[in-house]
Amino acid sequence: MSDDKNRDFEVVNRSVPRRDGRAKVSGRALYVSDVKLAGMAYAKVLRSPYAHARIVSMDTSKAEAQPGVYNVLRGDDLGGLNPYFGHAVKDHPLVAIDKVRYAGEPVAAVIAEDELTAYEALEFIHVEYEELPAVMEPQEALDPSAPLLHQRQFEAGALRGFEGEVTAGRGTNLCQEHHVKWGDVDEAFAKAAAVVEGEYYFPMAYAYAMEPYVAIAEVNDQGVTIYSSAQHPFMVRHDLKTIFDMPVSQIRLIVPFVGGGYGSKSYTKIEPLVSACAWKARRPVKLQLSVEEAMLTTRGDDALTWMRTAVDADGKIIARQANIYMNTGAYAENSPLVCEKSSNRCVGPYAIPNVRIDNHMVYTNTVPASSFRGFGCAQVTMAGESQIDELAAKIGMDPYEFRVHNAARPKQEFFPGMRPFDGTLTEDLKIVADNIGWKDPLPSGHGRSIGCSASDAGAYPLTSTAVRVHADGSASLMIGSTELGQGSHTVLPQIVAEELGVPFDLVRVVSSDTAITPYDRSTGASRTTTLMGRAVQEASREAMEQMVRMAADVLGVKESEIETVRGGITCGEARLTWSEVLTRYYRLPDGEVIGRAYIRKDGDFAQLPVFWEAASTGIEVSVDEETGKVTMEKLGTAGDVGLAINPALAEGQDIGAATTGMGIGMFEELEFDRNQLLNGNLLEYRLPRFSDMPRTVKLELVQNRDGVGPYGAKGGGEASLNSLPANIANAVYAATGARIRRAPLTPEKVWRAIRAARGENES
Amino acid sequence: MSNAKPALVELRFELNGKDVAVECEPQQTLSEVLRNRLNLTGAKISCEVQVCGACTVLVDGLPVSSCTYLAYEARGRRVTSIEGLENADRTLHPIQQCFIDEFAFQCGFCTPGMILSAKALLDDNPEPTDDEIIHHMDGNLCRCTGYVPIVKAIRKAAAVMKEARG
């Protein structure tokens with residue numbers, strides 16, 4: 001949209017205060033946790049104590065007989081419901097049927113008049129299990145003698161988000177595989193000047209959305225209505241359509257404010273279970289999980305990555321090869337897409353002529369894994385960015401210079417078949433290097449690192465919206481994008497206000513009700529500002545086109561004689577605001593015009609990815625060699641966002657993502673002891689706190705208007721997470737000489753590695 | 001286990017400047033009474049083990065985790081929830097306003113607890129150093145903001161409140 005390039009912005013590119021500010025600081029913001037419906041019952045879930053077991057029998061009669069208990073939902077009594085869901089692979093029963101596949105899987109739900117009654121009735125359910133051998137590690141699960149989690153061959157979900165076939169249910173525990181190959185890696189490694197090779201681990205991580213999963217369902221003659229904390233209500237609707245065999249028009253998802261998502265609330269979670277409870281109990285049912293239960297619902301995929309990378313004598317990267325084993329746990333959820341994305345994201349942000357990536361996503365008897373902020377990229381960037389520093393050290397080159405030397409250049413097609421690179425990594429890297437004082441002398445025990453990443457982001461481009469301009473000059477924006485905290489309810493009306501020339505405060509946002517708001521595929525993959533932002537911009541312009549025709553009608557002139565100006569039109573001497581156009585057209589000071597837009601995989605969005613999500617991150621750490629404790633002293637980020645519609649919100653995404661990356665790099669990890677989750681609560685799962693934050697933080701945005709979003713915008717919000725775990729490993733190496741290839745870098749691991757590097761006896 | 005409901009106890013305390021009387025079960029927590037009996041849903045429930053601070057309310061001016069604090073312990077005491085922070089003329093408390101100004105929240109789920117913890121700090125120590133802010137706030141978790149904007153908001157609120165005191 002070349003006409004935008006020289007535009008002076010009035011509302012966009014400004015840090016206007018958040019639209020949800022007052023509601024959120026006053027305790028009045030409504031989350032599903034706060035919603036109560038008349039006549040509502042409450043469900044509580046009985047969970048499997050075994051990682052893998054056959055359900056021999058279940059006796060729920062005593063629980064059903066408890067005062068205040070309405071029903072018990074069980075897997076062998078689901079009437080005509082189709083109990084399996086999953087947008088990628090329909091492998092997930094809404095409650096266990098015949099067997100359980102991980103410790104913590106729902107086996108029954110009690111529906112009662114209040115939560116305590118439901119909870120107390122759980123202990124009256126008697127389940128007899130026959131324990132089966134469990135398999136907890138991906139490589140172990142691929143052994144031909146390993147117990148099989150799934151015996152059925154599944155259909156591929158129509159909305160799986162990628163074009164390849166699914167592999168799940170082909171007689172092994174392989175859930176999905178993905179391969180990327182170009183050039184000839186064997187030849188390149190044979191002639192390389194230097195090669196590094198190693199195995200890297202990215203841990204199972206828990207997203208910790210502070211609001212645990214919660215949903216309220218009602219099933220009646222109108223169909224199914226669900227209040228949910230879901231990020232992607234339209235995707236959930238599609239799963240429920242199958243479960244209830246109803247048209248999508250009869251499935252209504254309503255999403256108010258969401259208490260954090262970070263990917264963990266994308267796709268379908270507890271909605272099938274709570275709606276089956278409501279169907280069974282014939283009344284509205286609320287299911288509020290605890291944090292402990294949320295930790296048994298979804299986690300991020302862990303990954304074991306063997307990687308090697310080669311350079312030529314000029315320090316140019318000539319080859320990279322990786323063999324990855326990822327762990328989706330008991331069900332596929334979104335892991336098939338994570339598999340594809342992590343394969344793609346092994347390459348960027350470097351231009352590498354010879355590449356071979358082999359990736360295996362494997363079922364195990366652990367908590368199901370799915371999307372978590374930066375998915376795929378974070379896992380493999382631990383390996384990729386560690387190797388960049390290892391290679392730089394090996395050839396005696398500065399790691400910053402080495403990155404600049406090899407980073408993909410603007411417009412370079414560094415990934416064959418994909419959109420040419422639309423960022424400016426060398427500029428991003430320089431900003432961060434300057435901001436963390438790359439060349440400055442370091443105190444003893446301190447180390448610095450710089451990193452970068454580029455993800456094929458934006459998910460699938462399918463988005464629509466409506467902008468209603470009312471006769472009093474105000475507007476309503478109808479969006480299916482969910483407000484997770486990222487600020488879409490502020491950014492998107494900024495675009496409407498910019499386009500229509502109406503005050504920001506006069507643009508109301510109506511969001512995330514599948515019965516009312518137009519279709520939006522999802523709120524994730526950093527896509528909303530780019531895709532919905534563009535839709536909102538086009539819908540605003542379409543509304544104005546209609547109002548120009550109306551103005552021509554009321555003025556009795558040709559459309560070509562009318563000129564659009566900010567907030568209305570002019571025609572000769574006449575000047576009309578939008579409000580005046582509508583009022584004169586309808587001959588009443590009321591009524592509206594509806595502008596629409598449909599974004600699909602076409603035009604600017606024909607080539608994927610929608611955009612490359614790129615950023616650079618740099619840190620300085622200090623390491624206490626006596627305890628192994630790592631402290632982050634400085635953080636610098638450069639978010640390559642094209643144009644920040646709201647710079648403060650964009651920077652908030654970068655520091656938030658970097659903080660989560662720091663957590664995974666330093667202390668976050670879900671650990672299993674034999675078949676049980678060992679640290680499934682917040683006393684034992686360590687999250688970043690105030691005191692963990694660096695005292696020097698410099699956030700910058702790179703705004704070259706090189707994206708396909710409105711005014712050249714691109715998404716942000718994941719990239720500064722992706723490089724942080726490797727940043728920490730690299731900075732610890734710089735500080736101590738100890739190379740650690742497994743995140744998180746806990747004090748114990750660092751302490752042991754320092755001693756091993758010095759050749760000391762650990763005892 | 002008996003299925004008879006426990007006997008109700010009468011509970012009186014001062015809530016946001018007004019006396020309230022409710023009947024509650026002896027094992028009920030303050031957050032249950034606030035959220036379920038008094039329909040004040042500003043205190044959020046997250047970790048339920050006193051780690052996250054989302055449920056923070058003030059009892060006699062001190063922050064407590066209302067998810068584990070027995071409602072009965074609040075009898076005769078002065079309870080402040082987030083709903084009690086706005087002024088009578090509907091203007092915001094300076095801490096609330098500074099949280100908006102500094103973009104000190106995203107999803108907002110931690111925000112009521114953050115603001116009340118910050119109020120307890122500033123009421124006790126009107127001019128805290130950054131170290132004192134970080135130390136005091138370390139029991140409140142936020143997964144969105146990376147904390148830095150929250151420290152800025154509290155620092156700014158201290159300055160605004162100082163100026164208002166003259």
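**View 1. The contact between domain 1 and domain 2 of chain A.** In chain A, 24 residues of domain 1 are in contact with 25 residues of domain 2; two residues are in contact if their C-beta atoms, placed from the backbone, lie within 7 Å. This is a predicted model, in which local features need pLDDT of at least 70, side-chain atom pairs count only at pLDDT 80 or more, and totals for chains, interfaces and linings use all residues. Residues are numbered from 1 along each chain as its sequence is written, while chains are lettered from A and ligands numbered from 1 in the order in which they are written.

**View 2. The side of domain 1 of chain A that touches domain 2 of chain A.** On this side, α13 (488-500) and α14 (528-555) of chain A each supply at least two residues. Helices are DSSP runs (H or I, at least four residues) and strands are too (E, at least two), numbered from the N terminus. The most comes from α14(A), with 6 residues.

**View 3. The two domains of chain A.** Domain 1 covers 2-29 + 460-605 and domain 2 covers 398-458 + 609-763; such bounds come from an automatic or database domain assignment. Their C-alpha centres lie 36 Å apart.

View 4. A:Gly348 is in the loop between α9 (335-344) and β18 (354-363) of chain A. Why is A:Gly348 called buried? Because 27 other C-beta atoms lie within 10 Å, and a residue is buried if 20 or more do so, exposed if 12 or fewer, and partly exposed in between, with C-beta atoms placed from the backbone. Leaving aside neighbours within four places in sequence, A:Gly348 is in contact with A:Ala408, A:Phe414, A:Phe415, A:Ser453 and A:Ala454. The C-alpha atoms of A:Gly348 and A:Phe414 are separated by 7.7 Å, and these residues are 66 residues apart along the chain.
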